[in-house]
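My entries follow in the order I made them.

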Amino acid sequence: MGVFQRRNTRLLPPPPPPPPPPPPPPRLLLPLLLVGLYFSVFLQTSSALNYTDYRQVSSLRLQRIQRHLDKINKPPVMTIESPDGDVIDCIHKRRQPALDHPLLKNHKIQKVPPEMPQRRSTMGQPDDATSAPSNGGEAAAKGAWQTWHRNGTRCPRGTVPVRRSTAHDVLRAKSLFDFGKKQRALALARRQPDSPDVVSGNGHEHAIAYTGSAQEVYGARATINVWDPSIGEVNEFSLSQIWVLSGSFDGSDLNSIEAGWQVSPELYGDSQPRLFTYWTSDSYQATGCYNLLCAGFVQTNSRIAIGAAISPVSTFSGSQFDITILIWKDPKLGNWWMGFGDDTLVGYWPTELFTHLADRATMVEWGGEVVNSRPDGGHTTTQMGSGRFAEDGFGKAAYFRNLEVVDADNSLSSAQGISTLAENTNCYNIKSSYSNEWGTYFYFGGPGKNPQCP
């Protein structure tokens, strides 16, 4: 744990003759080193999740991986080692990965803060409005933060914190192309109720609330309960997020902006809940990625690292922690901004990245998603939310509260008339309601495999 700054070093000339034998070429040294790292990381991951994969890795593939890492791991001004093992590089704002995107060749980072959406007073409330859930007189929930802050070190002004990617991270993915990406067919499975993926439970499963598809939406907000669900297989994940969507779900032009928290051993190499973002402009085919693993999202904040662990997390019948995320379209410049907490700006997705979302969104979704790879032919044990069903309520089941949408006037109002969806309620479910303090909210989640979900 500590802070490291780059220093220039000088190599001394070799000793007089007889000269030592020449060292191996650098191209061979690097792959040999990476091969050693590869096997160590897979042995560690396999032990934790009962997963083994001893694929042979060629030096050519390792060289390709290193070239990719050199593109996304920019030279840091300063480096911070997190207590959980993450390495956070403080990158100059103008050298961050986003600006490598061909559509952003002439993009100038937005310096003028966007106009924050203003809350519109709600005229009346649903008949079933109740008081907000409580936990015995204590604060209903507390804000969660990030693990790398614990040593008290921050990135200097003018830089942004970027979680460093390693060869370990890439080798856990199916391929270099798949690194940092969602799989298209599975990501869209919920849109096709009769598809084999949904009927068989093989693929992604959801418990979500969503707005009507005919609305004009300019953003969404929610406060999301943070847990650390158990993951059954290393290639599965569990997340809680907001989706801001436009385009066709059964075509190749879906635009999606996403943010929330997720546990993904394949992507991060551990089982910690982490703040994440995602975007695509072509139905998860070739564009977009998680976090800053490709060019696109422009970060402006020096205190929040996308992809870093969130801490502390909620405990069963104990303290509850949550994060508030806002995604909205700047009415002046058109960029889609992400806010964290009450008024902290994280960064934005430039409008140039999108087709349909260059104008507006047509649907918002809030909720949970897991991957069910059907190990041994049965349902996965990967949990969603807290691992408990919605009926268990506050302190036991995970929640989304204060669901809001942004309209054309850049005003926030409570989401009304939402629908809910869960493909298999014996595995994961969702229950929505309304209260005076929590506005539109819902509990959701489940344990995955159980006697009713074999």
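**Strand contacts**

I started at Ile-430, which lies in strand 22 (residues 429–435). Strands here are DSSP runs of E with at least two residues, helices are runs of H or I with at least four, and both are numbered from the N terminus. This is a predicted model, where local features need pLDDT of at least 70, side-chain atom pairs count only at pLDDT 80 or more, and totals for chains, interfaces and linings use all residues. Residues are numbered from 1 along each chain as its sequence is written, and side-chain values use heavy atoms, with hydrogens and water left out.

Ile-430 counts as buried because its relative accessibility is 10%. I use buried for under 20% relative accessible area, exposed for over 50% and partly exposed for in between (1.4 Å probe, protein chains only). I then checked Ile-430 against Ala-390: they are 40 residues apart in sequence, and their C-alpha atoms are 5.5 Å apart.

Next I went to Trp-243 in strand 10 (residues 238–246). Its relative accessible area is 0%, so Trp-243 is buried.

**Aromatic pairs**

How many aromatic pairs are there by this rule? The count is 17. The rule pairs rings of Phe, Tyr and Trp (its six-membered ring) if their centres lie within 6.5 Å; planes under 30 degrees apart are stacked, over 60 edge-to-face, and the rest tilted.

I looked at Trp-337 and Tyr-348 and found a tilted pair, because the ring centres are 4.8 Å apart and the planes stand at 40 degrees. Trp-337 is in strand 16 (residues 336–340) and Tyr-348 in strand 17 (residues 344–349), eleven residues apart. Both Trp-337 and Tyr-348 are buried.

Tyr-399 and Tyr-443 came next. Their centres are 6.4 Å apart and their planes at 85 degrees, so this pair is edge-to-face. Tyr-399 sits in strand 19 (residues 398–406) and Tyr-443 in strand 23 (residues 439–445), so the pair ties together parts 44 residues apart in sequence. Tyr-399 is buried at 0% relative accessible area. Tyr-443 also counts as buried, at 9%. I noted that ring pairs join Tyr-399 and Tyr-443 with Phe-394, Trp-438 and Tyr-441 in a cluster.

**Salt bridges**

The structure holds 17 salt bridges. Each needs a side-chain nitrogen of Lys or Arg within 4 Å of a carboxyl oxygen of Asp or Glu.

I followed Arg-221 through two of them. Arg-221 bridges to Asp-342, with the closest N and O atoms 4.0 Å apart. Asp-342 is in the loop between strand 16 and strand 17, and Arg-221 is in strand 9 (residues 219–225), 121 residues away. Is Asp-342 buried or exposed? Asp-342 is exposed, because its relative accessible area is 66%. Arg-221 is buried, at 8%.

Arg-221 also bridges to Glu-404, with the closest N and O atoms 3.3 Å apart. Arg-221 lies in strand 9 and Glu-404 in strand 19, so this pair ties together parts 183 residues apart in sequence. Both Arg-221 and Glu-404 are buried.

My last entry is Asp-169 with Arg-163, a salt bridge at 3.8 Å, N to O. Asp-169 is buried at 5% relative accessibility, and Arg-163 is buried at 14%.
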